[in-house]
Amino acid sequence: MAARDHAPDDLFSSLNSSPASPQINFGSNSPNLISFDDDGEEDYDNGSTSSKPLMVFDRFYDSSSEDGLYSTGSAGGDGDNSLAQAAGNRLDYMMQYLDRKLLLVEGKDNELDQALPEFIGSGGGRGVFKLPIRAAVHPARPPSLEFRPHPLRETQIGRFLRILKGTADGRQLWAGSECGVRFWDMKDMYAARMEEGNDEAEVPFYESVNTPPTLCLVVDDANKVVWSGHKDGKIRCWKMFQSTDEIKVPFRECLSWQAHRGPVLSMVFSSYGDLWSGSEGGALIVWPWEALEKAQLLTPEEKHMASLIVERSYIDLKNQVISAGISCSILAADVKYLLSDHSGAKVWSAGPLSSALWDAYTRDLLKVFNIDGLAENLTAIQDLTPEEEAKTKFSSYPKNQKLQTSINFFQRSRNAIMGAADAVLRVAAKGSFFDRRIESLIITTDGTIWTGSPNGLIIKWDPTGTRLQEFQYHPYPVRSLCTFGLRVWVGYSTGTLHVIDLDGNLLGEWVAHRNTPIIDMAVGPGYVFTLANDGVTRGWSISSPGPLDTVLRAELSRKELQYTKLESFRILGSTWNVAQGKATQDSFVSWLGSAVKDVDCVAVGLQEVDMGAGFLAMSAARETVGLEGSSAGQWWLDMIGRTLDEGSSFHRVGSRQLAGMLIGVWVRDSIASNVGDVDVAAVPCGFGNAIGNKGAVGVRVRIYGRVICFVNCHFAAHQEAVIRRNADFDHVFKTMSFSRPSNLLNTTAGIMLLLFFLFSFLAATSSSYSLWILYASLFLSPLTAGVNSMVRVANAVDELPELSEADMVVFLGDFNYRLDDISYDEARDFISQRSFDWLREKDQLHIEMKAGSVFQGMREAVITFPPTYKFERHQPGLAGYDSGEKKRIPAWCDRVLYRDSRSDSSDTCSLSCPVVSSVLQYEACMDVTDSDHKPVRCIFNVEVARVDEPKRRKIFGDIIKSNKKIKNILKEESNIPDAIMSTNNIILQDGDKSILRITNKSGENKALFKVICEGQCTVKDGKQTSNHQPRGSFGFPRWLEVKPTSGIIEPNHIVEISVHHQGYETMEEYVDGVAQNCWCEDVRDQEVMLVVEVRGTCTTEKKCHRVRVRHTQSLSDRTMPMEPKRDDLNRVYGNVLHRSDVKWLSGSRDVVDHIRDLHTP
């Protein structure tokens, strides 16, 4: 416990102080802390080999490369320039540290700068009181690319990102937001700074004009466009490569039309290039590619017709199914997910509880099945819905059925409440907590389909809709799924990320986003990007967990100082039990106005703002419908704001009232841009933890990227209620949740409101406050127990309370702890003599903290002011203590305690210990006489270490590009197995089927293949008369069937791909959903360019082989003369497979003999 001395000549001496034994000392050369925690256990060891804390200069050298300050690093470096840059970055950090310290010494009152001695409770560092792990690189997860660092929620209102999609070539990453779409150019993903006009810490991006919220995205790599579905029912088309070079200029869509009456919930391209879109109520529309292509090819003079052409071309699959006399559940369910199975030429549509399988060629409904895999009879009458069943049961009860009148009023009321609680439990069990709805849907490389559910269940299906396997590794909802190679990435509502192989084995897990759902994922160049609900986007190596993570973590840790930013600010925390009264303006000035001169943040907690039976009843009723606050509470907030000069110097960021407890937080305008993510919470502790006469209210806020929680508490009263006070703290600490209301609370709101109307009636008819309390305790206990049990079940696997996850927690309030073993007169004598040392030994709170029973690990400055309770109103000085009949013993009921990031008092501010606080002032306002309590205020000096995200991202990219070990790992992972095609030319006659064989020559590694259609053209007399024109998302022409289109080739194995001519297609032109014209498409002399992409299992790089497929009617054309190649096709690409010799092979034996004779490089 080292002394903190800010004298200029000994600025860093405190950093090298060694821990001392617990004691109290007010001298400058002795420890200034009292510690009763002899646990000695630290939460996180940052690799230090010595228990001696490092001086800032030691950290400067230790954080450099292993070769010292003049080393170029493990990657070899770039000579003098990299040396100068590395040294400059470290010197910048040192100068920043020195400037901040000297500023504190020179620019502030030296009297305030002296940190006060502190009392530290025991029991910290264990269980729920264990400090959260903080480090430059988190030790429990792979290093991540902070593609989009944490944006403050207040800056994202109406702009939150919701969808993430990557292009196949890895050149762009697209996102759908609540106000449009945006994309990032991936060549800038390691960029250090944003252009002016965008978020400073984010990778540069291009943003569209404002649109209604984007609900879905689909990438069309073939035509270099992206299609977006919106809340207004429109589908919009955006070009991938925009003409503008300026980030600040929004780009516009190239095509849009009204697709649905409701929102566009899902979209997908089928294997034949048609665009399918789903909406509410089972609406499923097909937009033929011919109409989409026609609309895009219109001249500028004809562009006004584009929307109409597409809108009138729709094919309404729901109406077609209904017209066929088919009745099934999928027709009424929202089409939330669409998925295309290119290999099987099928389309999956899924609602919350059922899925449907459609033929992509004929667009017929093939199968409907529920979440258990049971197929529905498509012509049978469906069972009643739960709502209809409930209505039927309700109507079956006779209207004249009466309850027995022998049951008294109180018993009937209690039974009603217990029944309501049971109903809530049953609704929760059947509804939002334990259901198995479909929440995500993907198709993997091996052709299987995976779905995720809210109960954490992951189900694997075959392409026909047969349930194959299920597994569960996490009890929380699955929010997103993503697949790449032989792995499936699973994102949960808790922010946890799992990596699973295709057999369902768990390969890795870590918390990717703390306490924030992962709502979407996308594959980019070398990374899987995760999008969290708060807008944070991180990139994880596609090989994670793996050897790359270890090297990258070590390199980033060594360079920690280069991307560390240090900040400091001051907090004023104050508490006052106002005893249902109001204060004068002079009291406000004496209490707050004189203390905020050098303060940047003010947190005020009040107790007993409003009390009384009627008020508590109405307050509880209002809470159930999301209403809180009172006129008295608003008066206090307004008066405090006026004292702080709210609107000019400060502004209020958050407040919360629960019955008589009120908390408000104000920040100075100078730091307002670094403050956000404000959340509030309330925890009742009175009468079965249901009434807010006791409990806590809290505000959570992010300042300079670090989470700080302010909690205003009012615990159980009376001298002997120590155990109850301890229990109140335990309940508040473990259950305070700043998250938004869950479905459970919304479900019970109506029931709770009706019940509290009953309590309000009882309160109005009962003159006795204690009688109302009796009613409340009798009636509320059953319902509260039921709701609490649901919460316990829902949060059974919570590892740590939300307060445990904060970087700093400040508890303030009327804790109601008294003085033990002392009489009224003795206490008055010691107070008059200012003998506070002896009184502190009698303090119940210190006794309980020393025993580790309450406020475990918390800190409090040593008290040097008189007890703040109980006083006669408007009686100044120490003579104002209670002299009435009860003569309550004076006590320090009103306190301010805190916990920062330090596991040891000698810890200094760093990314491993990001928040270090000290108390500069701790006092009571003894001249304020408006209540029977005195206000207590505490001024903190807070030091914060945060990451300079742009610098870290640049350093991250430099390491990836230059580190030799990482380059070797990436080279090994990017290895693409050699593969051979059986032919590069295929000729088909009507109804012909040919086999294309791919051989994996690698004897060790699996190869992944994918077949796409690069386009179709017409060939006359052996010459190509047009360029190959692709269909939507590299779809196949309707006359050609290719199966399978993707898969896995085992080492030294061959895969056979069927290429089949399906005959002449009868084309139908739809106008307003009705087929108008039919004709037989002439596909003679049509040539299709197939592209076979081959890659390894852990790389986005690929090699491509092109296979020409031509339809002809003459056998003489079987030799397929090749037309002269264009100049741009004569270039040899490094990623093109070596083509095998052209030879017609009749069977597998011929293939094996042919491969044996091949000359391969």
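Colleague: At what angle do helix α10 and helix α12 pack?
Modeller: Keep in mind that this is a predicted model. Helix α10 covers residues 585-593 and helix α12 covers residues 631-643. They pack at an angle of about 65°, and their axes are 10 Å apart. The crossing of α10 and α12 is right-handed.

Colleague: Which residues make that contact?
Modeller: From α10 you have Gln585, Phe588, Val589, Trp591, Leu592 and Gly593. From α12 you have Trp635, Trp636, Met639, Ile640 and Thr643.

Colleague: And by class, how many are nonpolar, polar or charged?
Modeller: Eight residues in the contact of α10 with α12 are nonpolar and three are polar. None is charged.

Colleague: Let's zoom out. How many helices and strands are there in the protein?
Modeller: The protein has 22 helices and 54 strands. It has 1161 residues, and 55% of them count as buried. Now take contacts between residues at least 6 apart in sequence: 67% of those join residues at least 24 apart.

Colleague: Sheets next. In what order do β24, β25, β26 and β27 sit?
Modeller: The order is β24-β25-β26-β27, in an open sheet with antiparallel pairing. The edge strands are β24, residues 478-484, and β27, residues 506-511. Each of these two pairs on one side only. On average, neighbouring strands of this sheet are turned by 15° against each other, direction ignored.

Colleague: How many bridges join β26 to β27?
Modeller: Five bridges. Strand β26 spans residues 496-501 and runs antiparallel to β27.

Colleague: Pick a residue in β12. Is phenylalanine 269 buried or exposed?
Modeller: Phenylalanine 269 lies in strand β12, which covers residues 266-269. Its relative accessible area is 2%. Buried means under 20%, so phenylalanine 269 is buried.

Colleague: What does phenylalanine 269 touch?
Modeller: Leaving out residues up to four places away in sequence, its contacts include Val218, Trp227, Leu275, His342 and Gly1032. Valine 218 is 51 residues from phenylalanine 269 along the chain, yet their C-alpha atoms are separated by 7.8 Å.

Colleague: Aromatics now. How many aromatic pairs are there in the whole structure?
Modeller: A search finds 44 aromatic pairs. One of them is phenylalanine 147 with tryptophan 184.

Colleague: Why is that pair of phenylalanine 147 and tryptophan 184 called edge-to-face?
Modeller: The ring centres are 5.2 Å apart and the planes of phenylalanine 147 and tryptophan 184 are at 70°. Planes over 60 degrees apart count as edge-to-face, so this pair is edge-to-face. Phenylalanine 147 lies in strand β3 and tryptophan 184 in strand β6, so the pair ties together parts that are 37 residues apart in sequence. Phenylalanine 147 is buried at 0% relative accessible area. Tryptophan 184 is buried too, also at 0%.

Colleague: Which residues form an aromatic cluster?
Modeller: Phe129, Phe715, Phe729, Phe733, Phe811, Phe815 and Phe855 form one.

Colleague: Back to strands. How many residues of β40 are buried?
Modeller: Six of six, for residues 894-899. Asp894, Val896 and Tyr898 point one way from β40, while Arg895, Leu897 and Arg899 point the other way. Strand β38, residues 808-814, is joined to β40 by six bridges and runs antiparallel to it. There, valine 810 has tyrosine 898 as its bridge partner.

Colleague: Last one. Where does glutamate 439 lie?
Modeller: Glutamate 439 lies in the loop between α8 and β20. At 16% relative accessibility, glutamate 439 counts as buried. Among the residues it touches are Lys336, Tyr337, Pro454 and Arg479.

Notes:
Residues numbered from 1 in each chain as written. Predicted model: local features only at pLDDT ≥ 70, side-chain atom pairs only at ≥ 80, totals over all residues. Heavy atoms only, no water. Pairing = 2+ DSSP bridges. Helix = DSSP H or I, 4+ residues; strand = E, 2+ residues; numbered from the N terminus. Axes fitted to C-alpha atoms, helices over the stretch in contact; angles between N-to-C directions. Left-handed = near helix turned anticlockwise from the far one by under 90°. Contact = heavy atoms within 4.5 Å. Nonpolar A, V, L, I, M, F, W, Y, C, P; charged D, E, K, R; others polar. Phe/Tyr/Trp six-rings, centres within 6.5 Å; stacked < 30°, edge-to-face > 60°. Buried < 20%, exposed > 50% of the residue type's maximum accessible area, 1.4 Å probe, protein only.
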